[in-house]
Amino acid sequence: MPERVTATEAALLLIDKLKQTHGPLMFHQSGGCCDGSSPMCYPEGELRVGANDVLLGKIGGVPFYIARDQYEYWKHTQLIIDVVDGRGGMFSLEGPEGKRFLTRSRVFTESERKALRI
């Protein structure tokens, strides 16, 4: 079964560093507003997840959520979480590290869409 969300090696290294500093973490793909559309990293439980959120999977052992309406737009793609230099979302934990998480994506193949039933 193809993964709906994955992470680059650089992102996984930063996730490990953030876990050492902040403990258990969670991600939520921001849908806009203050921080644009970017993956936001929080201490686990800091952001309340509800019935309108979809758990896409885990990256580096950390749960990754997306709003259901945003998921409907992106369900045909695999999200690939990467990290780049710079300041990202002001609410996300990686900001003080001089890094920001970034969402890249690729369209699932026909066989992957069949396996995922989309």
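This is a predicted model: local features need pLDDT of at least 70, side-chain atom pairs count only at pLDDT 80 or more; totals for chains, interfaces and linings use all residues.
1. Confidence. The protein chain has a mean pLDDT of 92, and 94% of its residues reach 70 or more. Confidence is lowest in helix α2 (residues 68-74), where the mean is 92, and highest in strand β1 (residues 5-7), where the value is 98.

2. Helix α1 and its two sides. Helix α1 spans residues 9-22, 14 residues in total, and from its first C-alpha to its last it reaches 20 Å, close to the 20 Å expected at 1.5 Å a residue. Its buried residues are Ala11, Leu14, Ile15 and Leu18. Seen down the axis of α1, these buried residues fall within an arc of 105 degrees, so they line one face of the helix. The face turned away from that buried side carries the exposed residues Glu9, Leu13 and Gln20, and a reader checking the helix may wish to note that a leucine, Leu13, is listed among these exposed residues. Just after α1, Gly23 takes a positive phi of about 85 degrees.

3. The pairing of β2 and β3. Strand β2 (residues 25-29) and strand β3 run antiparallel and are joined by five bridges, with Met26 standing opposite Tyr42 in β3. Strand β3 itself (residues 39-43) is mostly covered, since four of its five residues are buried.

4. Cys41 in strand β3. Cys41 is found in strand β3, and it counts as buried because its relative accessibility is 0%, where the cut-off for buried is under 20%. Leaving aside residues up to four places away in sequence, Cys41 touches Leu18, Leu25, Met26, Phe27, Phe91, Ser92, Leu93, Glu94 and Phe101; one of these, Leu18, is also among the buried residues of α1. By contrast, the C-alpha atoms of Cys41 and Arg106, which are 65 residues apart along the chain, are separated by 21 Å.

5. The side chain of Gln29 makes a polar contact, at 2.7 Å, with the side chain of Thr103.

6. Arg100 in strand β7. Arg100 is found in strand β7, which covers residues 99-107, and at 28% relative accessibility Arg100 counts as partly exposed. The C-alpha atoms of Arg100 and Asp82 are separated by 8.4 Å, although the two residues are 18 residues apart along the chain.

7. Backbone at Arg117. Most residues other than glycine have a negative phi. Arg117, however, has a positive phi of about 60 degrees although it is not a glycine. Arg117 is found in the segment after α3 (110-116), and at 77% relative accessibility Arg117 counts as exposed.

Conventions:
Residues are numbered from 1 along each chain as its sequence is written. Side-chain values use heavy atoms; hydrogens and water are left out. The expected span of a helix is 1.5 Å times one less than its number of residues. Buried means under 20% relative accessible area, exposed over 50%, partly exposed in between (1.4 Å probe, protein chains only). The arc is that of the directions from the helix axis to the C-beta atoms. Two strands pair if DSSP finds at least two bridges between them. pLDDT is the predictor's confidence in each residue, from 0 to 100. Contact means heavy atoms within 4.5 Å. A polar contact is a pair of N or O atoms within 3.5 Å; within protein, one must be able to donate a hydrogen and the other to accept it, and residues adjacent in sequence count only if both atoms are side-chain atoms.
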